Amino acid sequence: MVSRRVMLITGGAGVALIGAAAFRLHSNLGPARKPWFEAGEGYDDPRLDALSYAVLAPSPHNLQPWLIRLDGDDGLTLFCDLERRLPETDPLDRQTVIGLGAFLELLRQAAAEMGYALETDAFPEGEAFPVLDKRPIASVRFVKTGERDKDPLFAALLKRRTARSPFDQSRPVSAETLNALDSVLRAEDGEFEWANDDANLEMLKEICRKAWRTEMTTPGPRHESASYTRIGEKQINAHPDGISLSGPVMEAMGAFGVLTQDAMDDPDSTAFAETIKFYEKNIDTAMAFGWLTTENNSRKDQLRSGAGWVRLQQAAAGMGLSMQPFSQALEEYPEMAEILEEIHDFAGLRAPARMQGLFRFGYGKDEPPAPRWPLETRLVNADA
Ligand SMILES: Cc1cc2nc3c(=O)[nH]c(=O)nc-3n(C[C@H](O)[C@H](O)[C@H](O)COP(=O)(O)O)c2cc1C
């Protein structure tokens, strides 16, 4: 059966042809997903073993902005790959730092699993504002503790996903579940608040819809997102990052030129209209919202909230709960300013307090792991 989605995009024409092609094209994303299956497989160096888990961290647009230099026998330095930032949607690099914080938290969990504690010095040469520069994000030393001070969340590291599909409307998310999420945050990770009642859900959905439309109708951010979209197996395996659209239908629409980066960037195209609807459906089916806030907005606050972010997502995965961030309302470009203020008013936050993450929760489909660059491509040598 050809889905209504294909029908809409093609306007009916060529449907039979695309439907047939969809069944012939089998997506093979094995290469792009390999890092998920090889994590911890044994590099003979605890730093590399732990790093092979850390590269599975979430990051904005899946850009994986980490670069790692190994120092001596027991150290490493984490840098931001300055080419892997999002100047339009993340002009102050706040979201990029959150992704790097999630990376460090998974590194810590994996090292603990192997009997190592991390001595981490964040921004050892100072915090860069308004944007990141070449200075390191963190220097880290692995210290053998002799005991395995394991973090229970490690068990959910490989199960963690960013939800991409609508949630089951018959399954509410209970207060008990949301409180259980909150319980995995440590004081330094930030504050988690949530809402699952109709009135608050409606208000938050409305803010997210407005923010999404603003993002898609502002040329810079729209173009940036379209340019980081990977359509079909060939593009995804060649560039295992960005927002990947895979599966037989996407594959066929890509092959027939219906779904392209240029079409997504064209407000008059059907691909653009479908992109709007696809995300709106996710907003509309939120069964609960949660938000993570910090009292200040220093680089260290952002980095620590990245740890909180990934811990919440791991805890959700462990409970079979799905979670998707909706970051648009939190972004710092001028067209979003009013909405950014509105969401802070909603949460009763006044600067310097900052909402670092806004998420929808619910019960959704099982998702496949998102593409990753292999660890080897993220290592730099000492004189780099
Ligand atoms: C700071 C930050 C902001 C993000 N914002 C969004 C968002 O607005 N919408 C969304 O669908 N995913 C968002 N994501 C999720 C990433 O797209 C996701 O982590 C990446 O594609 C890799 O997929 P994975 O989390 O399933 O491994 C965000 C992730 C981070 C770390």
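This is a predicted model: local features need pLDDT of at least 70, side-chain atom pairs count only at pLDDT 80 or more; totals for chains, interfaces and linings use all residues.
Before I turn to the model, one definition: two residues are in contact if their C-beta atoms, placed from the backbone, lie within 7 Å.

Residues are numbered from 1 along each chain as its sequence is written.

Let me begin with the overall picture. The chain has 14 helices and 11 strands, where helices (H or I, at least four residues) and strands (E, at least two) are DSSP runs numbered from the N terminus. Its radius of gyration, taken over C-alpha atoms, is 21 Å, close to the 21 Å that the globule rule (2.2 Å times the number of residues to the power 0.38) gives for 384 residues, so the chain is as compact as a globular protein of that length. Along the principal axes, the C-alpha atoms fill a box of roughly 65 × 45 × 40 Å.

The domain assignment, whose bounds come from an automatic or database source, gives domain 1 (30-158 + 371-380) and domain 2 (161-230 + 260-362). Taken over C-alpha atoms, the centres of these two domains are separated by 23 Å. Across the boundary, 27 residues of domain 1 are in contact with 29 residues of domain 2. Which element gives the most to the side of domain 1 that touches domain 2? That is helix 5, with 11 residues. By class, this side of domain 1 holds 17 nonpolar, 5 polar and 5 charged residues, counting Ala, Val, Leu, Ile, Met, Phe, Trp, Tyr, Cys and Pro as nonpolar, Asp, Glu, Lys and Arg as charged, and the others, Gly among them, as polar.

The open sheet of 5 strands has the order 3-4-2-1-11, with mixed pairing, and two strands count as paired if DSSP finds at least two bridges between them. At the edges are strand 3 (116-122) and strand 11 (379-380), each of which pairs on one side only. Further in, strand 2 (residues 75-80) and strand 4 (residues 138-144) run antiparallel and are joined by 4 bridges; leucine 76, for instance, has valine 140 in strand 4 as its bridge partner.

Of the 17 residues around the ligand, Pro58, Asn62, Thr162, Ser327 and Ala370 come nearest. Helix 5 (94-113) and strand 9 (322-325) each supply at least two residues of this shell, and helix 5 has the largest share, 4 residues. The shell comprises 7 nonpolar, 9 polar and 1 charged residues, and at least three come from each of domain 1 and domain 2.

Finally, some backbone details. A cis peptide bond, with omega about 0 degrees, joins phenylalanine 129 and proline 130, and proline 130 is found in the loop between strand 3 and strand 4. Another cis peptide bond joins alanine 351 and proline 352, with omega about 10 degrees.

Terms used
A residue is near a molecule or strand if its C-beta atom, placed from the backbone, lies within 6 Å of it.
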